[in-house]
Amino acid sequence: MSKLTQSPAWQVLLAHQSQINNQTMREMFAADAARFDKFSLQLDGLLFDYSKNRINDQTLKLLLDLARQAGVSEWTARMFGGDKINTSENRAVLHTALRAPRDAVVMVDGKNVVPDVHRVLDHIRRYTESVRNGELRGYTGKPLRHIVNIGIGGSALGPLMVCEALKPYGHPEMQAHFISNVDATDIVETLRHLDAETTLFIVSSKTFTTQETLTNARSARAWLVEKLGAEAAVANHFAAVSTNLKATGEFGINPEHVFEFWDWVGGRYSLWSAIGLPIALFIGMDNFERLLGGARAMDEHFQSAPLERNMPVILGMLGVWYGNFFGAGSYAVLPYDQYLHRLPAYLQQLEMESNGKCVDRAGQPVDYDTHFTVWGEPGTNGQHSFYQLIHQGTRMVPADFMAPIRSHNSLGEHHAMLLSNCLAQTEALMLGKTEAEARAELEAQGLSGEALETLLPFKLFPGNRPTNTMLFDLLDPHTLGMLIALYEHKIFVQGVVWNINSFDQWGVEYGKQLAGKLLPELQGKVALSAHDASTTNLLKRCLSAR
């Protein structure tokens with residue numbers, strides 16, 4: 001057994017789980033009228049209700065004891081202070097510095113990085129305002145109204161998710177598009193209906209060498225030059241987020257349209273940096289700064305709130321509770337807001353790339369689960385597909401529900417119906433349906449005898465399925481910033497407890513290395529090298545078809 005699973009806090013939780021395992025939340029609510037008040041928190045209009053969880057006062061205390069044993073508060077101070085807690089890459093982890101106020105001090109290698117952060121933010125403001133107001137125009141003099149982001153991973157998912165979430169705040173004449181897949185279909189279908197004269201490309205690649213991104217960027221450049229008939233057009237229609245000024249210059253990008261970021265900005269945590277350039281172009285810099293402000297509010301709460309009243313800590317420890325002590329292998333993110341339809345995909349990367357690790361910080365194999373599989377869909381769509389599994393499946397699937405109290409699109413009874421479904425689902429998952437309740441329901445429908453008894457087992461719901469609910473007034477930039485930062489810090493808390501490095505991603509790199517070896521073989525440039533029998537024959541099949 002590992003040091004963690006042998007530790008006093010872990011062992012006490014194991015014993016407690018066996019004591020509480022047969023208790024139901026239905027019983028817990030009946031026994032404690034103050035349960036909601038006790039197990040809910042609020043911050044800047046964001047309500048976090050975690051009362052529909054399989055916990056009591058003692059559970060929460062023991063979970064927080066585990067967090068204290070792991071040193072969550074100390075690791076939090078180290079992260080915010082600029083320590084190089086990403087040990088395998090010898091880097092600081094400072095996405096939080098990207099939303100720090102202008103007068104803050106965050107030291108890395110003896111230098112305060114905050115002035116550089118705000119220098120880039122000021123650069124983004126000047127550029128985005130000139131594009132949005134039509135001062136900076138395309139090669140033929142038309143305003144730039146189609147923003148096409150070319151990136152991959154964190155350079156695509158974050159900006160895409162935010163632009164979709166904040167569509168009501170977008171420039172009325174602008175559209176944001178995203179190309180990330182190296183599959184030619186992605187770029188061909190995106191460009192098919194665009195006008196080159198009004199299209200602005202943003203190429204996001206720190207080194208300007210990322211294979212997939214540069215392949216798409218070169219194809220976009222060729223398309224633009226063909227449509228406008230001049231190499232010189234590139235300078236008007238391309239910007240870059242990169243540190244490689246030499247490569248961006250050779251590509252034809254104006255140095256004034258290149259935006260830097262730093263090695264202490266992890267890709268999946270980078271939407272707050274210049275990687276967020278398409279966000280700022282689409283929603284405007286004032287709204288982008290409100291997004292940063294929402295994240296900053298959650299940062300300050302995470303740093304200052306006691307563990308007993310700390311949203312990210314409690315959300316993270318609930319995940320540890322279900323993942324490590326109940327064996328839940330996945331959890332669902334269920335936003336009841338169509339604008340958040342890309343949030344589950346964004347959180348897939350944020351969580352699974354961060355905590356999908358099998359060795360601890362010392363490189364030793366772990367003997368406990370360190371991750372969830374994250375999945376979900378917006379609103380009532382999921383109710384007509386996978387909610388069946390959550391309600392009556394054999395595995396526990398903890399779920400996070402979230403919904404705005406007010407909609408950006410008021411239309412008849414739509415929003416009341418949406419909210420009623422959201423709240424009803426969490427109640428149904430908690431309560432379940434007993435045999436007596438199902439029997440009474442069937443009798444009320446006129447069934448009896450063998451027909452009733454045959455149908456009865458199918459109408460039972462075990463209930464006791466845990467959920468969190470996040471309610472907020474309206475999905476605006478500040479609220480979205482808080483939500484994203486909440487999940488960032490939740491994942492950090494879990495990584496600290498599991499004693500893993502949440503900020504590297506060597507598993508991503510390995511597949512890319514092998515792809516680099518296979519590419520010239522698929523192109524027929526070199527002979528096939530030694531592979532396993534499956535890979536060799538798959539290569540031969542591809543080559544024969546070509």
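Phenylalanine 326 is buried, with a relative accessible area of 18%, where buried means under 20% relative accessible area, exposed over 50% and partly exposed in between (1.4 Å probe, protein chains only). The model is a predicted one, in which local features need pLDDT of at least 70 and side-chain atom pairs count only at pLDDT 80 or more, while totals for chains, interfaces and linings use all residues. Residues are numbered from 1 along each chain as its sequence is written, and side-chain values use heavy atoms, with hydrogens and water left out.

Phenylalanine 326 sits in the loop between H15 and strand S10 (330–335); helices (H or I, at least four residues) and strands (E, at least two) are DSSP runs, numbered from the N terminus. Not counting residues up to four places away in sequence, phenylalanine 326 touches Gln17, Asn21, Arg54, Trp321 and Met396, contact being heavy atoms within 4.5 Å. Threonine 454 is 128 residues from phenylalanine 326 along the chain, and their C-alpha atoms are separated by 32 Å.

Turning to the chain as a whole, there are 24 helices and 13 strands. The radius of gyration is 26 Å, close to the 24 Å that the globule rule gives for 546 residues, so the chain is as compact as a globular protein of that length; the radius is taken over C-alpha atoms, and the rule is 2.2 Å times the number of residues to the power 0.38. Along the principal axes, the C-alpha atoms fill a box of roughly 80 × 60 × 55 Å. Buried residues make up 53% of the 546 residues. Of the contacts with a separation of 6 or more, 73% are between residues 24 or more positions apart.

Two packed helices are described by the angle between their axes and the distance between the axes. For helix H2 (residues 8–20) and helix H5 (residues 57–70), the axes come within 9 Å and cross at roughly 160°. Here axes are lines fitted to C-alpha atoms, for helices over the stretch in contact, and angles run from 0 to 180 degrees between N-to-C directions. In H2, Pro8, Ala9, Trp10, Val12, Leu13, His16 and Ile20 meet Gln58, Thr59, Leu62, Leu63, Asp65, Leu66 and Gln69 of H5. The residues of this contact divide into nine nonpolar, four polar and one charged, with Ala, Val, Leu, Ile, Met, Phe, Trp, Tyr, Cys and Pro taken as nonpolar, Asp, Glu, Lys and Arg as charged, and the others, Gly among them, as polar.

Several loop residues complete the picture. Histidine 95, in the loop between helix H6 (72–80) and strand S3 (107–108), counts as buried at 2% relative accessibility. Its partners, leaving out residues up to four places away in sequence, are Met79, Trp264, Tyr269, Trp272, Glu488 and Phe503. Asparagine 90 is found in the loop between H6 and S3 as well, but counts as exposed at 51% relative accessibility. Glutamate 308, between helix H14 (285–304) and helix H15 (311–325), counts as partly exposed at 36%. Beyond its neighbours within four places in sequence, glutamate 308 is in contact with Tyr50, Leu64, Arg68 and Ile314.
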